[in-house]
Amino acid sequence: MSNLKFKNVLIIGGAGYVGSALVPSMLKKGYNVTVYDLYLYGDVFSNLEDIPNLTQVKADIRNREKLIEASKDIDAIVHLACISNDPSYELDPALGKSINYDAFFNVLEAAEKNNIKRFIYASSSSIYGIKEERDIREDASCEPLTDYSKYKLECEKELLEFGKVHEMEHVIVRPATVCGYTPRLRLDLVVNILTINALVNRKIKIFGGNQLRPNIHIKDIVRVYELLLSAPKEKINGQIFNAGYQNYSVEELAKKVKSVIGDPKIELESVPSDDIRSYHINSDKIRDVLGFEPRYTIEDAVRSLVDAYGKGLIEDGLKNPLYYNIKMMQKVNLR
Ligand SMILES: NC(=O)c1ccc[n+]([C@@H]2O[C@H](COP(=O)([O-])OP(=O)(O)OC[C@H]3O[C@@H](n4cnc5c(N)ncnc54)[C@H](O)[C@@H]3O)[C@@H](O)[C@H]2O)c1
């Protein structure tokens, strides 16, 4: 396809949950995709190895030279690499900082040295912290509660500063919590956790319950990244966009999961929790500026997981480290 604005795209952290859906979608649209990733969760693109427009680089973003090398002849970067998920930080705060903050300067340097034209940064809507009020927009104050969110915010600031002195078009997205089935699946995200527990245990433990969580279907977040790659410069440059769809409390989410699975015997049990993150985001800006309308619901996400589970595509869903960032980090003993 010749009408792509930026044909050669480097997706840093492209072998993760989001990348495993984004990369195949972009390949189908004709992009030349380079994935730069440690492949902590395995060789997710083994079925795509013969595809000529996919290049895979197994390397660490803390390796400055490799990153600069991999960014040659690239038009646009989507930066997804991260030790994701707040509790992962319980592992080793220094490791988290080295990847989620320090290495961001390597990414910016690689972008600068290779004259990257557009840069898309995956931040997180968790940077707002706990908010009493609803409909949190992009200009709301950010009160990050954890290192993960704190460094997301710091990287946003670094990127905005970088953008003031370099030509590079740059845009920040603050996604809601993603849900739904992908080949590299995460089951440590709220809708996915509730669903796998209902499927395996026929019981959903609701930790807390009143906390509000914004959600977005994996297929919609893929559409967001593709839109940010193709949008005109004047609409995205220097901008921050929330990207969420349905905001619900954890308890409401659990009820939805139960209703989609359709088994009245599924038990809902409330358990006290110290995970108090609670926020309700407003995503009107991305709709008003870029025309983005979500298409997929939480129910669709639950159905995709139920379907995959039924087909035997989710193995040992409650314990398999492949689906849990913390467990995998412990297993591979990343330093
Ligand atoms: N999934 C969500 O609900 C969600 C919500 C908001 C924001 N985000 C952000 O979107 C991005 C993608 O999320 P995800 O769910 O796909 O995460 P993920 O953990 O599934 O993927 C992250 C990828 O980064 C790679 N990686 C980690 N450390 C690396 C390093 N040092 N060098 C190279 N690669 C490394 C991992 O191997 C993995 O493939 C992340 O930045 C995340 O913070 C995700």
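**Ligand surroundings and sheet architecture**

In this predicted model, a backbone N or O atom of Gly 16 lies 3.1 Å from an oxygen atom of the ligand, a polar contact (a pair of N or O atoms within 3.5 Å; within protein, one must be able to donate a hydrogen and the other to accept it, and residues adjacent in sequence count only if both atoms are side-chain atoms). For Leu 40, a backbone N or O atom is placed 3.2 Å from a ligand oxygen atom, and for Lys 152 a side-chain N or O atom is 2.8 Å from an oxygen atom of the ligand. The protein covers 98% of the 820 Å² of accessible area that the ligand has on its own (Shrake-Rupley method, 1.4 Å probe).

Residues are numbered from 1 along each chain as its sequence is written, and side-chain values use heavy atoms, with hydrogens and water left out. Local features need pLDDT of at least 70 and side-chain atom pairs count only at pLDDT 80 or more, whereas totals for chains, interfaces and linings use all residues.

The ligand is surrounded by 31 residues, the closest being Tyr 17, Asp 37, Tyr 148, Lys 152 and Arg 186 (a heavy atom within 4 Å of the ligand). By class, this shell comprises 19 nonpolar, seven polar and five charged residues (nonpolar: Ala, Val, Leu, Ile, Met, Phe, Trp, Tyr, Cys and Pro; charged: Asp, Glu, Lys and Arg; polar: the others, Gly among them).

An open sheet of seven strands shows parallel pairing in the order β3-β2-β1-β4-β5-β6-β10 (strands are DSSP runs of E with at least two residues, helices runs of H or I with at least four, numbered from the N terminus; a pair needs at least two DSSP bridges). Strands β3 (54–58) and β10 (239–243) stand at the edges with a single partner each, so one side of each lacks a neighbour in the sheet. Within the sheet, β4 (residues 76–79) and β5 (residues 118–122) run parallel and are joined by four bridges; Ala 76 has Arg 118 in β5 as its bridge partner.

Helix α4 (residues 104–113) packs on the sheet, touching β1 (8–12), β4 and β5 (contact: heavy atoms within 4.5 Å). The direction of α4 makes about 165 degrees with that of β5 (axes are lines fitted to C-alpha atoms, for helices over the stretch in contact; angles run from 0 to 180 degrees between N-to-C directions). Lys 113 is found in this helix, and its side chain makes a polar contact of 2.6 Å with the side chain of Glu 109. Leaving aside neighbours within four places in sequence, Lys 113 is in contact with Arg 64 and Ile 68.
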